[in-house]
Each structure stands twice: as C-alpha cells, then as structure tokens.
Amino acid sequence: MSAASASTGRGGTLNSALFYVFLVVFVLVSVFPLVWIFKMSIVTKAELFESPPTILPNTPTAASYGTIFADPSFQKALINSTIIAGVTTVICLFFGSIAAYAIARLRFRFKSIVMTLILAISFFPAVAIIAPLFIQFRRIGIIDTYLAAIVPDVVFALPLTIWILVAFFKELPFDLEEAAKIDGATTIQAFRMVIVPLAAPGVFTTAILTFIFAWNEFLFANTFLFDDNTQPVTVVIPNFATVYTVDYGAQAAAAVVVTVPLVIMVLIFQRRIVSGLTAGAVKG
Amino acid sequence: MAQVTMEDVSKVYGEDVVAVRDMNLDIEDGEFAVFVGPSGCGKSTALRMIAGLEDISRGKVFIGDNLVNDLPPRDRDVAMVFQNYALYPHMNVRENMGFALKLRKMDKAEIGRRVDEAARILSIEHFLDRKPKALSGGQRQRVALGRAIVREPKAFLMDEPLSNLDAKLRVQMRTEIAKLHNRIGTTTIYVTHDQTEAMTMADRIVVLKDGIVQQVASPQQMYEHPTNVFVAGFIGSPAMNFIRARLERENGGLAVTFGSTRMLLGRELMAKAGEREDLGKYAGKEVVLGIRPEHIEDARLAEGDALISNQGDGEAANTIEVEPQVIESMGSEKYLYFGISKEHAARLESIEELTSEGGTDDGDAEGSAGGSGSADDSGDLLVARISVESEARLGQKMRLALDATKIRLFDIETEKAIL
Ligand SMILES: Nc1ncnc2c1ncn2[C@@H]1O[C@H](COP(=O)(O)OP(=O)(O)OP(=O)(O)O)[C@@H](O)[C@H]1O
Ligand SMILES: [Mg+2]
C-alpha cells in the first residue's frame, strides 16, 4: 500500500528506491533479534561461546529444544501462561464487549471523558502500584495463585480491549438492529442473528491482541508468583540457569517456542488486526 | 392490511424537546399516505412511533383495531423501508428477503415461493445470491422493498426511501413504488421532505411543521386550498407568490388591492369563502395575497382571454407592471422572476424557512437557461410561469395579468387561509 503511494508521482523511482532501502533496513533491525535468538537455539554449547560468533550455525542441533521440552517445569509454565492469558482474554472480552457496546451505542453525556479515563488507566505506570498490590494480595491470600496475575492483567488489558472494541462497534450500522426488530426478531434474536455475526471478526481480533498482551506480561507475574505451579513462561525462561551456569541455548529455544505461535497467529490475521487498530480512524 | 389511527399522539424527547405534538390521523385501509415537511419537523419520529422503534409519550396508536402503544415492533406486523436500506450485510439477497419469514418459522418452500414472487415483481431475480455490497444503490433499494413485501404486512412504513438515489433513479423508483402500491394495495405511510414526491405519490398528504400537523388532504385539495401560508408555500413548485395587499369594499363586493393593482373577488370565490369565514370583517384591512406562478401570465397574451374578461370593467386593473430580472426558458414555458416594491413584499416567517432551504423541488427545475444570479435573488423575487410566446425581455418593463379567480387570501397575523 505504502509502496504504491511512494512510487507514484515525479521522482518516483528515486522515492521508491529510498523506500525500499528504508524498508529493508527496518525489517533487518526488527527481525535481527528474533533471527539471532533462533540461531542461538540451534547451535551447540561450544559454538555459542565462540569468539567471534559464527553467523550461520556450523552444526545445527535440536539439543536445546530437547532440554526444554524434557523439563516438566517448562511444560507447566506453558500451560500456566495459556491459562492466565486465556482467562484474562475471556474476562476482558466479556466486560469489554458490554462496555464497548454501550459506549458505541448509547448517547450519553461526558462520553469522551469516560473514554479518556479508561485510556488513562493503561497509562498508569505498573511499577508504581506493584508494592501496594503485593501487600493487598498477600492480605487476601491470592499471592501465588493465577488470580494474582489475572487481576492486574485484566486491569491493564481492559482499556485496550474497550478502545479497540468501541472502534469496531462504532462501524456497525445499528439501523440493522432496528430492521431486525421490525422483521420480527426479539432483542436477543436481533443481537444473536445480526449484531454478533457482524461484530465477530472485530471481537476475534481484539481477543488475539488481548491474549498477546497478557501472554507477554512479565512484571506482575514475576512479582506475585513464586511457585513453579503458577508461573508463566515469561517468568520461567530466565530460570534455565543453575547457580554456576546459564543455559543460554535453552533460554533461546524457550523464547522461540513462546514467540513463534504469536508470530504465526499475527501473520495469519494481520489484515484484520491492522484494520482493528485503525478502525474508525479513516471513514470508509 | 389495516387502517392506521393516531389519537393525540405526542413525542417528547428528554424534558422539553417536543418532536411531535398532538397528532391526529386516520389512515384508511389501502391508503397511500405521505408525511411531508421540512427537515426536523417530526416526520421520522411519527413514523417510528407507528413502527414501535420510538416510545409514544402521549396518545394512542392503533393498527387495525389493535392499540399498539405497548407492543414491540415484531408484534405490530408492519414492514419498514429505511433511508439507508439497512440490509443485513452478512446475508445474501435471498436471505435478506426471507429473514422475517424465517423468524416466523414459515416453511422453506413457502419462503422460497414468496421471495421468488417478490423478486420477480421487482426485477431482482438475478441478484438473489449476491451480498448487498455487490449491488448498486437502486438494486439495494429494491431488495429493501422486497424484504417488506414478502411479509405481506398490515402496513408499509417508508422513511425517505429514495433520498439516497440520484435524481433520475429517484423519479423512476417513485413510479415503481406507486405501481407496486396499486398492485398490492397495502396501507403505506411514506415519509419525505420532497413535496414533488408527496404530490405525485400520495392519496393523502400530511404536512407537518415543528411537530404539528398543518393539513391533511389529497394532493389536489392541498394544492388548491392550502389551510395556511406554510402549506401554500410548501406545496407546489415553483412556490406560491405572496404579496402584502388590502381588502376593500367595492360596488357591494370585495376587491384585493396593492399598488395600482385591483382585483374584484368573483362570485364563485366569494361563495366558497362564505363557507369558510366572514370575509367582510377583513374589509379595509391588510391581508396576504397568494397567487401561484401558473396563474400569472404575460398581459399581452392574456388579453381577451377568460383570464381577464370575467372581471368586467376592471380589466387593466388586473395587471401589474414589472421589470423582469431573470427569465428562465423551460422549453414548454418560461419562468419570469420579478421584484415587487418593498411595501408589498410579504415577509412571512414560516415561508422564510422554506426559501432558505433552497426550494422544495430538486428534480424538475434543472437545465434552466436563466441569466445572472437567479439563485441568489429569487428568494425575494416573485415568479410567473408564462407562455413561451411571450416576448418578455430582461429589464424591459411589461405588464403581467393575475388570474383573479385563482387567488388565495391569508390573515396577515395568523397566516391562516381566509379565502
Ligand atoms: N433521540 C433524540 N433526542 C432528542 N431529540 C431528537 C431525537 N431524535 C429526534 N429529535 C428531534 O426531534 C425533531 C424531529 O426529528 P425527526 O427525525 O422526526 O425529523 P424529520 O422530520 O424526520 O427530519 P428529516 O427530514 O431531517 O429526517 C428534531 O428537532 C430532532 O432534533
Ligand atoms: Mg427523518
């Protein structure tokens, strides 16, 4: 899209050449860490510490992957991450849809103030509330439970969820709901047969974004969860270390395992995600 | 099919926004009623109350014999056509049209039969498997109509269904809707702000202004006997001319005068007026004279015509000297715009709104060969529809004859018709 617009007009060739140079540099810079970590995950321990480092792996090996998947705590961590991110997503979507539907649908005063307040919550520096939260969580006894990660995750993800959903819902023609009612639908039927199918792609996209947000969360999980039984992968990865050695290869492999599903998911749904992030920004 | 009745219906938004005030209306079974009025006058609100999409603040609405105030839309058995079509984007045309029937759990074969029948009537058989976004505006509007007719409801409600279409298609669909109504005869309430649509389609027109019904009458009746200045100015294109005049006694009869113009009120007119109000009490007072453009003619062409001769001795007095400021050739006739002295210019509030909106007719007056600045001035100018044979020239003084048998008179204070 941008390529096309950059190459039109006078001096088009120069512009588009510059554009591609920039694009290549940008892609290299963003992708490099990922590629490097992948490389780290498939080389032998010896090669890992070679100096200068090798660019391409000499003898690719899956040993690191073997290590992490053999480790039950890593498997447990993957499950924990899935539970925490999944539950966070479900809660955010449930409350977020209701709130966003109301905000997009109803006329009420101070709507923009409400929206700003919601956004303000996500601006709140998490570090600032971590100590009081810790004290409170300990008092009510949810330290070391999934709840300790889910509650703050929901608080910080919900504004994002609401904002994206409002953008989606605003695009829904609500006349359709009236048309459905006239056609003989009950409110529930109108919602189920007309609104839900139309809103589904938006809700789905939002779910992915919320899930990624919660999946990547580290600070709260690291502070409130001390037990292998509840810690998510973000917390567990650095633990591939003993007192004397750090298993960088295993850490790299774990990072790849944790990231790749997200990358694949985003690649599959990228169109929808982009349109979700920019919905309402441009009419039509 | 059913009649629709409104009894003292009002709609108040919030505390004090009265969108519809004490509306009384009887729409007969099979009638095509048109709600017309300027933007914001409450047409949509009235329609939506009948549909059940808007609560009724006061009064009663009946569909057939049922009081429907507290019924949800789905129990009212009315179909609605929306301005923006409101087709379900995720369903194809067939599913769109059959949706209401499916909700009623009608069997598939019957749904298919009705959809095919409606599609044939509306010539949309070829699009049945397409999604709405793959249709043109006109086709979408047909689908919306189809969705309404497959239901065979008690009444059709249409809220400006044609206003998103271009001028030509609008005229075409207008005829199609009229034909459709003739064919299936379902009671229809049609909302528009376009008086041409109202005039051409309606069995009866309901003119609304500021939430208040101004007049309910057949197009012809409304055209000939508007109840007040507002209706007179709103219905008809180009709009009726208004002149500040006096009513005076003359030879035992009454005459309308302004400047050197003098028109005796004919016996026929007086007889009709007698049924309405005592005209005599306006003698010696100022009134608003209303005359439609088609009742003004180039005096030279009108001479010897019935136009003037029935006035007996007052021939020349029936005319007005004017200086044409704009002449528009319409082919079959000419529109001649002229000014009138300030003291006779009728400044009427209710009309001002209309002229500032730029007239009420968008289709037919196009392609005018008019001269400079017709649009800017015509608000203050009067207009005559004269014969193409007229030799009227811009800026050249000439006389126009007014048809005294066709004039209307209005009270200058209340703006109500007195003749
Ligand atoms: N939800 C609402 N809240 C407050 N006022 C409203 C609401 N809906 C309509 N109104 C007001 O009620 C009046 C009538 O509105 P309505 O939509 O019926 O007008 P209309 O005749 O259909 O106009 P148009 O030709 O522009 O569609 C308007 O003054 C409008 O501002
Ligand atoms: Mg309206």
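A cavity here is a set of grid points where a 1.4 Å probe fits but cannot get out. The legends below refer to a predicted model.

**View 1. Ligand 1 lies between chains A and B.** The shell around ligand 1 includes Arg107(A) along with Tyr13(B), Val17(B), Ala19(B) and Glu160(B). Also in this shell are Ser39(B), Gly40(B), Cys41(B), Gly42(B), Lys43(B), Ser44(B) and Thr45(B). By class, the shell holds four nonpolar, five polar and three charged residues.

**View 2. Oxygen atoms of ligand 1 approach Ser39(B), Gly42(B) and Lys43(B).** The distance to a polar side-chain atom of Ser39(B) is 2.5 Å. For Lys43(B), an N or O atom of the side chain is 2.7 Å from a ligand oxygen. Gly42(B) takes part through a polar backbone atom, at 3.0 Å. On its own, ligand 1 has 630 Å² of accessible area, of which the protein covers 63%. Two elements of chain B, β2 (17-27) and α1 (43-51), each give two or more residues to the shell. The largest share, three residues, comes from α1(B).

**View 3. The second largest cavity has a volume of about 50 Å³.** The model has four cavities of 30 Å³ or more. Helices α5 (72-105), α8 (146-171) and α10 (187-216) of chain A each supply two or more lining residues, and α5(A) gives the most, with three. Seven of the lining residues are nonpolar, two polar and two charged.

Note on methods
Residues numbered from 1 in each chain as written. Chains lettered and ligands numbered in written order. Predicted model: local features only at pLDDT ≥ 70, side-chain atom pairs only at ≥ 80, totals over all residues. Heavy atoms only, no water. Near = heavy atom within 4 Å. Polar contact = N/O pair within 3.5 Å; in protein donor to acceptor, adjacent residues only side chain to side chain. Areas by Shrake-Rupley, 256 points an atom, 1.4 Å probe, with all protein chains shown as cover. Helix = DSSP H or I, 4+ residues; strand = E, 2+ residues; numbered from the N terminus. Nonpolar A, V, L, I, M, F, W, Y, C, P; charged D, E, K, R; others polar. 1 Å grid on protein atoms, 1.4 Å probe; cavity = no way out; pocket = protein on both sides within 12 Å on 5 of 7 lines; lining within 4 Å. Points joined across faces, edges and corners; volume = space filled by probe spheres on them.
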